[in-house]
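Hi everyone, thanks for coming.

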Amino acid sequence: HVLRAFEVMVGEDIGLLNGLSSESYWDFRNAVAGCILATDFARHSSYCEQVRELLQDGAARPVPKHLEMQLIIKCADVSNVLKPIHIARRWALRVTDEFFE
């Protein structure tokens with residue numbers, strides 16, 4: 001996913017990232033990769049633990065921006081089962097098709 005996304009973004013037709021410095025490019029690439037990896041269910045318990053730590057003792061703790069972005073993507077990814085069945089079914093079929101392409 002990451003490779004294909006960046007092929008499109010740096011391609012001659014789009015050139016979306018052409019104006020970024022090397023440092024900004026790698027910061028952006030790492031942020032995108034982190035968000036994509038957040039959808040990997042094998043990492044789910046790690047995210048749950050990080051949230052538990054942030055909520056520990058009811059104290060307000062700042063959430064690192066990269067974790068905030070990853071949690072937003074994670075919530076969107078796992079929320080499919082809460083959608084109306086006719087929508088959830090279509091998305092489930094698309095995800096299944098993606099695994100077998």
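Before anything else, one term: when I say two residues meet, or are in contact, I mean that they have heavy atoms within 4.5 Å. And please keep in mind that this is a predicted model.

Okay, let's begin with H2 and H4. Which residues of H2 meet H4? On the H2 side they are Ala-31, Gly-34 and Cys-35, and on the H4 side their partners are Met-69, Gln-70 and Ile-73. Sorted by class, that contact has 4 nonpolar and 2 polar residues, with no charged ones.

So how do we describe a pair like that? Two packed helices are described by the angle between their axes and the distance between the axes. For H2 and H4, the axes cross at roughly 35° and come within 8 Å. The crossing of H2 past H4 is right-handed.

Let's stay with Gln-70 for a moment, a residue of helix H4. Is Gln-70 buried or exposed? Its relative accessible area is 12%, and buried means under 20%, so Gln-70 counts as buried. If we skip its neighbours within four places in sequence, Gln-70 is in contact with Gly-34, Cys-35, Ala-38 and Tyr-47.

Now compare that with Ala-76, which also has its place in helix H4. Ala-76 has a relative accessible area of 48%, so this one is partly exposed. From Ala-76 to Asp-27 you go 49 residues in sequence, and their C-alpha atoms are 23 Å apart in space.

Next up, H1 and H2. H1 covers residues 2-10 and H2 covers residues 22-37; their axes cross at roughly 140° and come within 10 Å. That angle makes H1 oblique to H2. Here too we have a right-handed crossing. H1 brings Val-2, Phe-6, Met-9 and Val-10 to the contact, and they meet Tyr-25, Phe-28, Arg-29, Val-32, Ala-33 and Ile-36 of H2. The class count is 9 nonpolar, no polar and 1 charged.

What is in the largest nonpolar core? There are 7 residues: Val-2, Phe-6, Met-9, Leu-17, Tyr-25, Val-32 and Ala-33.

Our last pair is H3, residues 44-55, and H4, residues 65-78. They pack at an angle of about 125°, and their axes are 12 Å apart. H3 and H4 are therefore oblique to each other. H3 passes H4 in a left-handed crossing. Looking at the residues, H3 puts in His-44, Tyr-47, Gln-50, Val-51 and Leu-54, which meet Leu-67, Gln-70, Leu-71 and Lys-74 of H4. They split into 5 nonpolar, 3 polar and 1 charged.

Leaving out neighbours within four places in sequence, Arg-61 is in contact with Glu-53, Leu-54, Leu-55 and Gln-56. Between the C-alpha atoms of Arg-61 and Phe-28, there are 24 Å.

That's my tour, so over to you for questions.

How values were computed. Residues numbered from 1 in each chain as written. Predicted model: local features only at pLDDT ≥ 70, side-chain atom pairs only at ≥ 80, totals over all residues. Heavy atoms only, no water. Axes fitted to C-alpha atoms, helices over the stretch in contact; angles between N-to-C directions. Helix = DSSP H or I, 4+ residues; strand = E, 2+ residues; numbered from the N terminus. Parallel < 35°, antiparallel > 145°, perpendicular 65-115°, else oblique. Left-handed = near helix turned anticlockwise from the far one by under 90°. Nonpolar A, V, L, I, M, F, W, Y, C, P; charged D, E, K, R; others polar. Core = buried A, V, L, I, M, F, W, Y, C linked by side-chain atoms within 4.5 Å. Buried < 20%, exposed > 50% of the residue type's maximum accessible area, 1.4 Å probe, protein only.
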